[in-house]
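My notebook is open, and I am going to look up a few things in one protein chain. Come along and check each entry against what you see.

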Amino acid sequence: CGGGLCAQSPVKVGLKIGANYTNPSGADFSDWSSDGTVRTGVGLTAGAFVKVNLPLTWLFVEAEALYSTYKQRVDPKEGNTVYKVKSEKVEFPVHVGIRLLKLIEVYAGPSFNYLSSSHTNHDDVNLMDARHGVKVAGDVGARVIQKFSIDARYQFPFSGDKSFLENMGNTVQFKANPSMLTVSLGYSFL
């Protein structure tokens, strides 16, 4: 550092952890003996990121590797049984963004999601799952940055794949890859 000026590295590497909230829209109880609801639960998102600030601009490119769990609750109106579905996925978002006012960043880009597993809390139901495999979603988000960052992101799926929960001839359909709001705390150590 000469004359009090230090060159900042254009590459940032860090970790993040946060909570996610799914939007279980698109539930279809038409093949169930009664109506009902699909409710959401709070899940966990954690992983690592690499961000490259482009020279002489306020633009950046960022890639992340994240592990997420999320929950949905299928609640038919008849009976007292509530079916809890817990799912896991690995996400690989790639964002392009812009820094505003040196403290705020906004970004957007695709997220490549590998939906790895789902299970339910009842042995008497079949979970016929369209979740498994690679799905593409879109991400939009904003964050307040310093050494620590606070990030809010909305992920919306491009496919309308459905999962099915079946119990004694009754079937309910719900979104396999639901929209998700994630709030996370990140730390850049490089």
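Here are my entries, starting with the whole chain and ending with single residues.

**Ground rules**

I am working with a predicted model, where local features need pLDDT of at least 70, side-chain atom pairs count only at pLDDT 80 or more, and totals for chains, interfaces and linings use all residues. Residues are numbered from 1 along each chain as its sequence is written, and side-chain values use heavy atoms, with hydrogens and water left out.

**Entry 1: the whole chain**

I looked up the secondary structure and found zero helices and 13 strands. Helices here are DSSP runs of H or I with at least four residues, strands are DSSP runs of E with at least two, and both are numbered from the N terminus. Reading along the sequence, I wrote down β-β-β-β-β-β-β-β-β-β-β-β-β.

Next I checked burial: 40% of the 190 residues are buried. Buried means under 20% relative accessible area, exposed means over 50%, and partly exposed lies in between (1.4 Å probe, protein chains only).

I also noted an accessible surface of about 9800 Å², with 64% of it belonging to carbon and sulfur atoms. Such areas come from the Shrake-Rupley method with a 1.4 Å probe, and for residues only the protein chains shown count as cover.

Then came contacts, meaning heavy atoms within 4.5 Å. Among contacts with a separation of 6 or more, 65% are between residues 24 or more positions apart.

**Entry 2: how β13 is paired**

Two strands pair if DSSP finds at least two bridges between them. I found β1 (11-23) joined to β13 (179-188) by ten bridges, running antiparallel. In β13, Met180 stands opposite Thr22. Strand β10 (148-157) is antiparallel to β13 as well, with eight bridges.

**Entry 3: empty space**

Rolling a probe the size of a water molecule over the atoms shows where empty space is left. The search uses a 1 Å grid over the protein atoms alone: a cavity is a set of points where a 1.4 Å probe fits but cannot get out, and a pocket is an open set with protein on both sides within 12 Å along at least five of seven lines. Lining residues have an atom within 4 Å of a point. Grid points are joined across faces, edges and corners, and a volume is the space filled by probe spheres set on the points.

The largest pocket has a volume of about 690 Å³. Of its 28 lining residues, Gln8, Lys12, Asn53, Arg99 and Ile145 are the closest to its centre. Elements giving two or more residues to this lining are β1, β4 (42-53), β5 (59-76), β9 (133-145) and β10. I sorted the lining into eleven nonpolar, seven polar and ten charged residues. In this sorting, Ala, Val, Leu, Ile, Met, Phe, Trp, Tyr, Cys and Pro are nonpolar, Asp, Glu, Lys and Arg are charged, and the others, Gly among them, are polar.

How many cavities of 30 Å³ or more does a search of the whole structure find? I got one. The largest cavity holds about 50 Å³ of space, and its lining includes Lys16, Thr45, Leu66, Arg153 and Ser184. Strands β1, β10 and β13 each give two or more residues to this lining.

**Entry 4: single residues**

Is Ser149 buried or exposed? Ser149, in strand β10, counts as buried because its relative accessible area is 11%. Not counting residues up to four places away in sequence, Ser149 touches Arg143, Val144, Ser184, Leu185 and Gly186.

Val90 sits in strand β6 (residues 83-100). With a relative accessible area of 28%, Val90 is partly exposed. Beyond four places in sequence, Val90 touches Leu66, Phe112, Asn113 and Tyr114.

Leu54 lies in the loop between β4 and β5. Leu54 and Pro10 are 44 residues apart in sequence, yet 7.0 Å apart in space, C-alpha to C-alpha.

My last stop was the backbone. Most residues other than glycine have a negative phi, and most peptide bonds are trans. Leu101 has a positive phi, near 55°, and for Lys102 phi is near 65°, also positive. Leu101 is in the loop between β6 and β7 (104-120), and Lys102 is in the loop between β6 and β7 too. Leu101 is exposed at 73% relative accessible area, and Lys102 is exposed at 62%.
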